[in-house]
Amino acid sequence: MTRAFVFPGQGAQTIGMGKALAEVYPAAQAVFDEVDEALGEKLSSLIWEGDIADLTLTQNAQPALMATSMAVMRALDAEGVSVTDAAFVAGHSLGEYSALAAAGALSVADTARLLRTRGKAMQSAVPVGEGAMAAILGLDLDAVRTVAEEAAQGEVCQAANDNDPTQVVVSGSKAAVERAAEIAKEKGAKRAVMLPVSAPFHCALMQPAADVMAEALAVVEIKAPAVPLVANVRAEAVSDPSLIRQLLVEQITGSVRWRESVQYMAAQGVTETWEIGAGKALSGMVRKIDRAIAGKAVSTPEDVQNVMQAES
């Protein structure tokens, strides 16, 4: 099996995620301690015992999901599975930062601080209520791009996440996204679902956040990852630190090309993905993109033991 480790994005967060891992694996607990120290607050308390509305705030969800993914990686490491056992790492939006931390390109502390900055910047880029996102189900990327162009009418409306062959997310000005949802249904979409998000991610309205991240990333050390990163905005492998820095900035306003990223990995011989962290959303997307790829979700001590038994 040629393997890739993939890392979830926003929306996967749940209260209690990573807690059982931290109780079983000291190395997993150490990740949460490191993130708490980097942020100067007990984010772990919010993750394990807090209110889901507070955890879902972008500035909290992003470092929390990264911490959980890294706790899983440290648990796997304790069992003898290294990131170098994968041919590639990839992550969905903020998951790209988790992937880079897992591959040693970014320190956990720097990643936590970057994601806190990223979350705040993305939230403040557009006043609440002025932007929106909608998942278009049953139309392909080209069809959704046509819908977005028709719906824009001088406002911003873009295909933001190309998740799988059956789901493309549009993002932009609220009125334009609402128009896109209606136009998509007229053009044969099975459904168009307005998403419960706090800002219109991955579109041109996020440019102020991209400017903030360009400054933040400029002063952070990025090393060459231990295994190549399949970057969201390129849908191909990259390892050069200066290029990674540039692509992380572009990613704020650019599309998450997840379908193409999975197709790229399949073309390079990947036959198995391990979803590292909270939830199983990416494993579902992978299955829809290429049924020949086996997807495993690893988030609990039981999941870690299950993949270890399959290895032996």
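Let me start with aspartate 142, which pairs with arginine 145 in a salt bridge whose closest N and O atoms are 3.9 Å apart, a salt bridge being a side-chain nitrogen of Lys or Arg within 4 Å of a carboxyl oxygen of Asp or Glu. This is a predicted model, in which local features need pLDDT of at least 70 and side-chain atom pairs count only at pLDDT 80 or more, while totals for chains, interfaces and linings use all residues. Residues are numbered from 1 along each chain as its sequence is written, and side-chain values use heavy atoms, with hydrogens and water left out.

Aspartate 142 and arginine 145 both sit in helix 8 (residues 141–152), three residues apart, or about one turn of the helix; helices here are DSSP runs of H or I with at least four residues, numbered from the N terminus. Aspartate 142, at 53% relative accessibility, counts as exposed, whereas arginine 145, at 43%, counts as partly exposed, where buried means under 20% relative accessible area, exposed over 50%, and partly exposed in between, with a 1.4 Å probe and protein chains only.

In helix 9 (residues 174–186), lysine 185 and glutamate 182 are likewise three residues apart, and their side chains meet in a salt bridge at 3.4 Å, N to O. Lysine 185 is partly exposed at 39% relative accessibility, as is glutamate 182 at 43%.

Which helix is largely enclosed by the rest of the structure? That is helix 6 (residues 95–102), because eight of its eight residues are buried, among them Glu96 and Tyr97. Helix 6 is followed by glycine 104, whose phi is positive, near 80 degrees.

Conventions. Helix = DSSP H or I, 4+ residues; strand = E, 2+ residues; numbered from the N terminus.
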